[in-house]
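Please read the briefing below alongside the sequence and the model. The points are grouped by topic, and cut-offs are given where a term comes up.

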Amino acid sequence: MDPSAPDGRHQLALRMAQLARAIAAPRKLEQVLSDVTAAAVELIPGADVAGVLLVRKGGQFESLADTDSLAEQLDALQHEFNEGPCAEAALQTTVVRSDDLRSERRWPQYAPAAVELGVLSSLSFKLYTADRTAGALNLFGLQPNVWDTDAETVGAVLAAHAAAAIMAGRHGEQMESALASRDRIGQAKGIIMERYGVDEVRAFDMMRALSQESQNKLVDVAQRVIDTRGNEN
């Protein structure tokens, strides 16, 4: 599909709308990212393979939503050599483009290894995830000199969708964690109220004092209170 042609622009708009609805719907992150990478291969000429690379705290690589196992192999090579376009986009530069990896000098170990796997071009986009996880949407071409301004524009839009999905998933995890913490604190308060004959406010104050004295999180103190219930005779 040529995004610059009238039919191409219409198809692009439709796919973007579909992706926006997919992110808003209650679906797993992997499913949404798979839609994004599939759309990248569909909408961007020259993109034969696409995937998402996340770089976790501590430098751990995680490959997601690959349209082909080749993307994961390329991520593994970059982790092994500590160089390459995907990691560079995730951690540093906003857009990293290589039109011909056969003459690429930025990654002296990675580029020849990628060429050996049949990959001759790459285009990577930084994902702004607003947390400690860095990420990149990565496109790979089996031919050289396939990228143009339209490819960069469409890729940037798709990267924004991927980042939004990651942030939405992160928010959902935080909400689930907060609810679980609230439930544990509530359960611990009930145990203290029953055990010591105090009201809800006093029970919470007791847990907060224990938290400050022990320098542990309130939810951890609550879990310890819950655990002691099983030791009661």
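Ala65 is buried in this predicted model, with a relative accessible area of 5%, where buried means under 20% relative accessible area, exposed over 50% and partly exposed in between, computed with a 1.4 Å probe on protein chains only. Residues are numbered from 1 along each chain as its sequence is written. Because the model is predicted, local features need pLDDT of at least 70 and side-chain atom pairs count only at pLDDT 80 or more, while totals for chains, interfaces and linings use all residues, and side-chain values use heavy atoms, with hydrogens and water left out.

- Ala65 lies in the loop between S2 and H3, where helices (H or I, at least four residues) and strands (E, at least two) are DSSP runs numbered from the N terminus.
- The phi of Ala65 is near 55°, which is a positive value in a residue other than glycine.
- Glu30 has its place in helix H2 and counts as partly exposed, at 38% relative accessibility.
- Leaving aside residues up to four places away in sequence, Glu30 touches Leu64 and Ala65, contact being defined as heavy atoms within 4.5 Å.
- A polar atom of the Glu30 side chain lies 3.0 Å from the backbone nitrogen of Ala65.
- Glu30 and Ile166 are 136 residues apart along the chain, and their C-alpha atoms are separated by 9.2 Å.

- Asn82 lies in the loop between H3 and H4, and it has a positive phi of about 60° although it is not a glycine.
- Is Asn82 buried or exposed? Asn82 is exposed, with a relative accessible area of 71%.
- Glu83 also belongs to the loop between H3 and helix H4 (85-91).
- Glu83 is buried yet has no salt bridge, and the nearest side chain of opposite charge, that of Arg106, is 10 Å away.
- The side chain of Glu83 reaches the backbone nitrogen of Gln109 at 2.6 Å.
- Not counting residues up to four places away in sequence, Glu83 touches Gln78, Trp107, Pro108, Gln109 and Tyr110.

**The sheet and its pairing**

- The 5 strands form an open sheet in the order S2-S1-S5-S4-S3, with antiparallel pairing, two strands being paired if DSSP finds at least two bridges between them.
- Strand S2 (61-64) and strand S3 (95-98) are the edge strands, each of which pairs on one side only.
- From one strand to the next, the twist averages 20°.
- Strand S1 (residues 49-55) is joined to S2 by 4 bridges, and the two run antiparallel; the bridge partner of Val55 in S2 is Phe61.
- S3 and S4 run antiparallel and are joined by 4 bridges, with Leu123 in S4 as the bridge partner of Arg97.
- S4 and S5 pair in the antiparallel sense over 7 bridges, and the bridge partner of Ser124 in S5 is Asn138.

- In strand S4 (residues 121-127), 7 of the 7 residues are buried, so the strand is largely enclosed by the rest of the structure.
- Ser121, Leu123, Phe125 and Leu127 point one way from S4, whereas Ser122, Ser124 and Lys126 point the other way, and all are buried.

**Helices on the sheet**

- Helix H2 (residues 29-43) lies across S1, S2 and strand S5 (134-141), running at about 140° to S1.
- Helix H3 (residues 69-81) packs on the sheet, where it touches S1, S2 and S5, and its direction makes about 40° with that of S1.
- These angles run from 0 to 180 degrees between N-to-C directions, with axes taken as lines fitted to C-alpha atoms, for helices over the stretch in contact.

**Whole protein**

- The protein has 8 helices and 5 strands, and from the N terminus on its elements run α-α-β-β-α-α-β-α-β-β-α-α-α.
- Of its 233 residues, 41% count as buried.
- Among contacts with a separation of 6 or more, 58% are accounted for by residues 24 or more positions apart.

Notes:
Lys and Arg count as positive and Asp and Glu as negative; His and the chain ends are not counted. A salt bridge is a side-chain nitrogen of Lys or Arg within 4 Å of a carboxyl oxygen of Asp or Glu. A polar contact is a pair of N or O atoms within 3.5 Å; within protein, one must be able to donate a hydrogen and the other to accept it, and residues adjacent in sequence count only if both atoms are side-chain atoms.
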